[in-house]
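Visitor: I've got a model open on my screen and I'd like a walk through it. Could you show it and take my questions one at a time?

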Amino acid sequence: MKMKTLPVALLALVVFAFTGQSHAATKCGANTGVTAKGKPIIVGGIHGNAPPGDFSASTDAAKAYFDCVNANGGIHGRPIDYRIENDQWNPELAAQAASKLVIDAGAVALVANGSFIEMAVNAGTYKKANIMSMAAACAISECFESSNIVSTNQGPLPSNLGATQYAQEELGSKNVGCIGLNIPNNGPWSCKASIDLMKARGGSGSMALLNPGAPDVNSALLEIISNGADTILMNLPAGLAIAVLKAAEEQDLRDQYVWIAPTPLYDLSVPKALGKYWDGKVFVNAELAPFQIGGPDAKNWKAVMDAYAKPEDPRDTFAQSGYLSATFFVKMMLAMNPKDIDNRAKVTQAIKNISGYRSDLMCGPYYVGDSDFHMPNHAGYMVQIINGGFKIVRECYEFDSAYFKPHIAIEKKLGLR
Amino acid sequence: MRNLKHLNWMIYLIAMVAIVLFLGSGKPIKIVGLFFVSGLAIGSLYALGGIGIVVLYRATGVLNFANGAAGAAGVMLAWQFADWGIWGPFTWLVAIFVALIISLVYGRLIAPLLAWREPVVKAVATLGFALIILGIVSFIWEDDPRKFALPSDKIGVYILGLRVTVTRLIAFAASICIVIGIYFYLYHTKVGLQMRSLANDRDLSALLGIPILKVETIAWGISGVIAGFTGLMFGDLIRLEPFVITFMVIPSIAAAVCGRLDNLILVLIGGLSMGVIESLLTLSQVFKGVRPIAPFVIAAVVLLWYQRGRRLTFSGTD
């Protein structure tokens, strides 16, 4: 938030100027310490940023990493020209952004895209143009069920499954009520998977759908309760989920139900926003490594953000996934023959050949493959909101669902299992 | 005429009972009661927003789309001050003061320039102003999870099985009190008389020597205070998202249309009815998908019903 971060940023600038201290050591790409020169390699990124949501964290983090790579030898000595477009949640603008980057600018790939809209609009364009989008902030089915889009984040479906599975196994849940967005390729799609999981395990489930701008969240809560739910799954953006929890707090429903949520509630602002009433009562699935896990990539992500991102750029899950998509892209490009890195078809093929990339930020291996669906990230952590922060209650675990059968078959074929 | 009024009320009551029975059929009374009270709670917010709009419209002829944005700016600043640890009641006053200032700035600086334009032009100008305020608020406070709470959230009473907080009761009571207060102000004070005169015929009022700028400034001020209070209620009872609070003005206008932008009691009843019907629609597997459009369908039906051979709501002189 600008009013908070501005003084901090100014203070940091003053301290930096007077002490001459450098940032924590970063490790990016070839890590040569030499600034890349020559003809830039054009890479695109599309995010959605307009009220009521900002998905720019993924492209912010990717830009920070690419800037770091450019300062450290680039891709075979050449810099990455990362061009970011904002779809403003407008399908027409999303199509224009893709056209600008893919057709006019001739980008070799798209990296760290994050939107509710862009993937649904442009999946066909990417296929037709034979370009891969290594997305990072996906929330709709088209992002995971298209040939030319692959994301490092999980989206709502796996994250819901992770939360539901944990609640069923550890918290005694028998009937899960999923409150989701009334967007066909988001809420119903992702809630249904959790309901199917409960049914497969002898339980039951139902869903209630809310419009993103709906003022009355209490009706959805009452609907789920009247369906006999013992567990409330808040498959919603953080702001709406907080509104649901506030409606529940009004009615003092905390101790009568189990409260679970996918990743959007894994945000450092959430525990404070919820207050003491919910302390220890809300369980959240984290689709990437929780912030307290300090592996080499997690540390490098923070260092890169401190050194190359703006102070006000978020340090959240989407920033992690944007950084991850960028690192995987750079790793793949560095492994390519330098003569081929301007050839989109060869870059696309190289991305599809990615298999077994690992990071401490992700529980499982990252791969792409040549298929009409991609969801490499389907394992995660479970955390509990407690003492004003998050406590890990379950380390990396794989989500159990029939939905992943085809994905697991590909992983076996690639030798990742 | 009186018979026609009675007929309208009879039709309304029969329609409401029929809707409640239809949507609640086959459900336990306790469940229907829960949704009914929940609907009243949200409906009182529609009514509150609608009342603020009608108060200004009656005095100035301006349908103010910026009411929600002014309230949003106020409650965001109140949250910011509360986050910095400033004393709660002071932050609430700040919220109301900010909305008051925004309203007065528009009322004194922009509205007079459009005084002789069509009502639709005036309304669209306020929509532009609302988007400017929303843009500034969104620039200052980036999208981030936040919660605005009042101490009255902690206290509640059970009504038909649903726990209702004192904050909701305050919002409900405030709607009624504002209706009564504005009624007495308009009909028992000199400025109220001048406001009614302005609303009736601005040109003639000017010829009669009514201090138009002064009277309109008072109206904009009252509207700003109501917008600030409404913003506090929306921030607490809906959620602290400037976009959502700003566009609460849309169902609020639907409530205002139920009162033909004129009758505050009808605005109150219209808002409450919208909330109840919208909430009860959740009980129907067939109709729950149309919940978001319910307020506007109701407003359209009411408008069509009242427009039978009568004056046009937006021109006011037909």
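**A tour of the two chains**

Guide: Let's start inside chain B: B:Ile51 is buried, with a relative accessible area of 0%; buried means under 20% relative accessible area, exposed over 50%, partly exposed in between (1.4 Å probe, protein chains only). Bear in mind that this is a predicted model, where local features need pLDDT of at least 70, side-chain atom pairs count only at pLDDT 80 or more, and totals for chains, interfaces and linings use all residues. Residues are numbered from 1 along each chain as its sequence is written, chains are lettered from A and ligands numbered from 1 in the order in which they are written, and side-chain values use heavy atoms, with hydrogens and water left out.

Visitor: In which helix is the place of B:Ile51?

Guide: Helices (H or I, at least four residues) and strands (E, at least two) are DSSP runs, numbered from the N terminus. Leaving aside its neighbours within four places in sequence, B:Ile51 is in contact (heavy atoms within 4.5 Å) with B:Ser175, B:Ile178, B:Val179, B:Leu264 and B:Val267. Its own place is in helix H2 of chain B.

Visitor: How many residues of H2(B) are buried?

Guide: The helix covers residues 29-60 and reaches 45 Å from its first C-alpha to its last, close to the 46 Å expected at 1.5 Å a residue; that expected span is 1.5 Å times one less than the number of residues. Just after H2(B), B:Gly61 takes a positive phi of about 80°. H2(B) is mostly covered, and of its 32 residues the buried ones number 28.

Visitor: In S2(B), which residue is the bridge partner of B:Ile159?

Guide: Strand S1 (residues 156-159) and strand S2 (residues 162-165) of chain B run antiparallel, joined by 4 bridges; two strands pair if DSSP finds at least two bridges between them. Their hairpin has 2 residues between the strands, and there B:Leu160 takes a positive phi near 50°. The bridge partner of B:Ile159 is B:Leu162.

Visitor: Over in chain A, which are the edge strands of the open sheet?

Guide: This open sheet has 7 strands in the order S11-S10-S12-S13-S14-S15-S16, with mixed pairing. An edge strand here pairs on one side only, and the two are S11 (204-210) and S16 (389-398) of chain A.

Visitor: In S15(A), what is the bridge partner of A:Val284?

Guide: A:Val284 lies in S14(A), pointing one way along with A:Val282 and A:Ala286, while A:Phe283 and A:Asn285 point the other way, and all are buried. S13(A) and S14(A) pair in the parallel sense over 3 bridges, with A:Val284 as the bridge partner of A:Ala261. S14(A) and S15(A) (residues 379-386) instead pair in the antiparallel sense over 4 bridges. There the partner of A:Val284 is A:Val383.

Visitor: How many salt bridges are there between chain A and chain B?

Guide: In contact are 37 residues of chain A and 41 residues of chain B. The chains bury about 3,400 Å² between them, 54% of it on carbon and sulfur atoms, where buried area is the accessible area (1.4 Å probe) that two parts lose on being put together, summed over both. One salt bridge (a side-chain nitrogen of Lys or Arg within 4 Å of a carboxyl oxygen of Asp or Glu) joins B:Lys147 and A:Glu249 at 3.2 Å, N to O. The count between chain A and chain B is 8.
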